[in-house]
Amino acid sequence: MNNLLISSSPHIWRGLSTNKIMYLVVVALLFPTGAGIYFFGYHAIWIIVSSVITAVVTELVIKKLRRKKFVMDGSAVITGLLFALILPPRIPIWMVVVGSVFCIAVAKEAFGGLGYNIFNPALAGRAFMTVCFPGEMTTWILPSFFGSDAVTGATPLGESFTWEMDKLTLYKNLFIGNRAGSLGETSVMLILIGAILLLAFKVIDWRIPVFYLGTVALGSFLLGEDVIFQLLAGGLMLGAFFMATDYVTSPVTANGRIVFGVGAGLLTVAIRYFGAMPEGVCFSILLMNAFTPLIDRYIKPKPYGYVRMRKKEVKAGQS
Amino acid sequence: MDESRNTVIRKRSVFKGVKLSESKLTADKPIESLPLPEKIILPLQQHIGAPCSSIVNRGDYVLTGQKVADVGSFVSSPIHSSISGKVVSEVKIINPVTSNPVDALVIESDGEDKWIDLDSLINPQKEHKPSDLISLIDSLVPKDMITRIREAGIVGLGGATFPTHVKLSPPPGKKIDTFILNGCECEPYITSDHRIMLEYTLEVVLGAYIIGRILMPEKMFVAIEDNKEDAIKEIDSFIKGTNLENKFQIVSLKSRYPMGAEKTLVKTIVGREVPIGGLPLDVGVVVNNVGTSKAVYEAVVEGKPLVEKVITVTGAVNDPKNLTVRIGTPLRDLIDYCGGSDEKANTVITGGPMMGISISDIDFPVIKGTNCVLVKKGSPASDENCIRCSRCVSVCPMNLMPLMFVRGVRSGMYEVCKEHYIEDCIECGCCAYVCPANIPIVSYIKVGKSKI
């Protein structure tokens, strides 16, 4: 009993580490990833692999340059994977590499690394790509599966999208993921399976996705849009469960998260209905990311024993 | 008689907190007496308030229970020798709580354990009926009882070590309408209060009765977590057997950490929040631990000063036990008596795993605030980046945002800590317990508090 360890209380720890949380998210993401590969074939695999490897290597290099310890905490894997899932399925690999470097180097490490970034790195990467490669970022194909030739087609939210069959078949195709769109955003079914996993393990809070989706549903209803279609189409499901719930870039309080969800929902509806772009999930979450510090500042839980000071007392205290 | 009054009422927590695994290894082990130590080390400050100065000299022979240190200040508590023997030296030891050096007396035992003449109000040789003891207490004057409590050196034995006579003398104008006897013992591993309630039921309940006579509250509650059903039954049947059921209301609380903390307990039982920076008496409530209540009974009725207390020795020791230990006994004696520790163990904690303090030297003595000695294998916190997962926010029983304290201290912007009410923090450790980045949040908070 010599050399006793001196440590601060508490002396027990629940043991759910950052690492475990990150890899749980990776496991949940494997469901939409699988859907992307199934619907869009070999090229999807290359996009995913190159994006993840680039993200991890970029992080490693930057940590070396900053002379900081590199920890394989899984956060770079998530960023790389999420970034791949929101790219068009036929984008050239070199563009994927450029975007993935941007995600880690600019959107994450330039702000100080894990925990300090203001914007969700994967979404920031997508916004960057939309500006740099507008053509490639809006070239969509219908599901090609393995081997068959790619046929370009409009995404459901696109202006040129047409549908001749009944609505139920449309909903079914959107739910399963049999439609044009970004690599991992199409299959609502598999996104929901991953989301249920995260909710069951309490990795994510239900408030952001529920209020986000609820606001979009209500807003679409009020604007006379097809509510079910609006919920199933575009990147809303992937965004609501996997992007908007990013710990680092969303508020920390329960009420703050409600505000965040509602705000993202309003912006999404506004961009979709009034904006020049067909889809608004990416930019609405990025905008709400910017509001997060403000939300955290003004929406705080009321501390135990808080006594509201009357104006007179405040004045008396200052003078 | 109203039947509903004597049934136990059940309550759930009204704060966030965490559910911990109990690890109460010694819940079924009766209290044993640790053999007399060969020497004791008595720090001259074992309470919150003014430190005492020694009133004995080197070479003096002292008896068990003899007062050896005192000070004139009201907020303080005297210290008594817990063995008979010779005062051999006065040394300085490091107080592990404050990290400041404090004076301490070293007394060597003569092995006789000769006691001072106790100023007892009853004949200790005889059996006394509880009803006789109650009428004896009824005949005492509150002021005299407070004096006897002060002279016996009684402080809050739950760990806070606030002098009990001060707590029982609320300033004029503060009306106390509720007294809560705290038998929650919400920390994992510790079972000393549990065993005290089972084996010293009379002392515990009558001690609370004495406190009730002093404070004259409208309501008295006995708060016990529902993982100690046997203690609830024991106290319930004692209260019924002595017709005290119109005085006490037993509350069985759904176990959740930190139920036993004063602020959370007051909120759960009477629904009031102690104002930030205030004390329970600001909302008309006094809370005392069951160990303190036992000591109050022994001081008032038997005239016995606080020289021993029940301590759980647990964790990675070969034979975990509940022990009655003389104050001042080196922790080494306790660990040795429990068969020594596991080879891999590298941490010795006084108190529970959530709020206890890791000590650097096992020759440090048992003090009045010690209720548990936990030996375990520990590892330093890895202190990674905060990922803002907000788990700390969702468990904080005080409704605070602990991540902001970490941010404030790491960046040196201590005003951030103040803006987020750092002084309201009770350092229960829930935040650090759940933190995925394993940040020693409580340690940051202690720094933050010292800077504002």
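Two strands count as paired here if DSSP finds at least two bridges between them. Helices (H or I, at least four residues) and strands (E, at least two) are DSSP runs, numbered from the N terminus.

This is a predicted model, in which local features need pLDDT of at least 70 and side-chain atom pairs count only at pLDDT 80 or more, while totals for chains, interfaces and linings use all residues. Residues are numbered from 1 along each chain as its sequence is written, chains are lettered from A and ligands numbered from 1 in the order in which they are written, and side-chain values use heavy atoms, with hydrogens and water left out.

**Sheets in chain B**

Let's start with the sheet in chain B that has the order E3-E9-E8-E5: 4 strands, open, with antiparallel pairing. Its edges are strand E3 (39–43) and strand E5 (61–62) of chain B; each has a single partner strand, so one side of each is left without a neighbour in the sheet.

Inside that sheet, strand E8 (residues 85–94) and strand E9 (residues 101–109) of chain B run antiparallel and share 9 bridges.

Strand E6 (residues 67–70) of chain B pairs with E7(B) in the antiparallel sense over 2 bridges, and B:Lys67 finds its bridge partner in B:His80 of E7(B).

**Helix packing**

Now for the helices. Two packed helices are described by the angle between their axes and the distance between the axes. The axes are lines fitted to C-alpha atoms, for helices over the stretch in contact, and angles run from 0 to 180 degrees between N-to-C directions.

| Helix pair | Angle | Axis distance |
|---|---|---|
| H4 (93–108) and H5 (121–132) of chain A | about 125° | 8 Å |
| H1 (130–138) and H5 (201–215) of chain B | roughly 25° | within 10 Å |

In chain A, helix H4 and helix H5 pack at an angle of about 125°. That makes H4(A) oblique to H5(A); angles under 35 degrees count as roughly parallel, over 145 as roughly antiparallel, 65 to 115 as roughly perpendicular and the rest as oblique. The crossing of H4(A) and H5(A) is right-handed (a crossing is left-handed if the near helix is turned anticlockwise from the far one by less than a right angle, and right-handed if clockwise). Residues in the contact include A:Met95, A:Phe102 and A:Cys103 of H4(A), along with A:Pro121, A:Phe128 and A:Met129 of H5(A), where contact means heavy atoms within 4.5 Å. By class, the contact of H4(A) with H5(A) has 11 nonpolar, 2 polar and 1 charged residues. In this scheme Ala, Val, Leu, Ile, Met, Phe, Trp, Tyr, Cys and Pro count as nonpolar, Asp, Glu, Lys and Arg as charged, and the others, Gly among them, as polar.

In chain B, H1(B) and H5(B) are roughly parallel to each other, and their crossing is right-handed. B:Pro130, B:Leu133, B:Ile134, B:Ile137 and B:Asp138 of H1(B) meet B:Leu202, B:Leu206, B:Tyr209, B:Ile210 and B:Arg213 of H5(B). That contact of H1(B) with H5(B) divides into 8 nonpolar, no polar and 2 charged residues.

**Backbone details and domains**

A few backbone features deserve a mention. The peptide bond from A:Ser9 to A:Pro10 is cis, with omega near -5°, and A:Pro10 lies in the segment before helix H1 (18–40) of chain A. In chain B, the peptide bond from B:Tyr257 to B:Pro258 is cis, with omega near -5°; B:Pro258 belongs to the loop between strand E12 (248–253) and helix H7 (262–270) of chain B.

Finally, chain A is assigned domain 1 (17–147 + 182–203) and domain 2 (204–296), with bounds that come from an automatic or database domain assignment. The C-alpha centres of domain 1 and domain 2 of chain A lie 19 Å apart.
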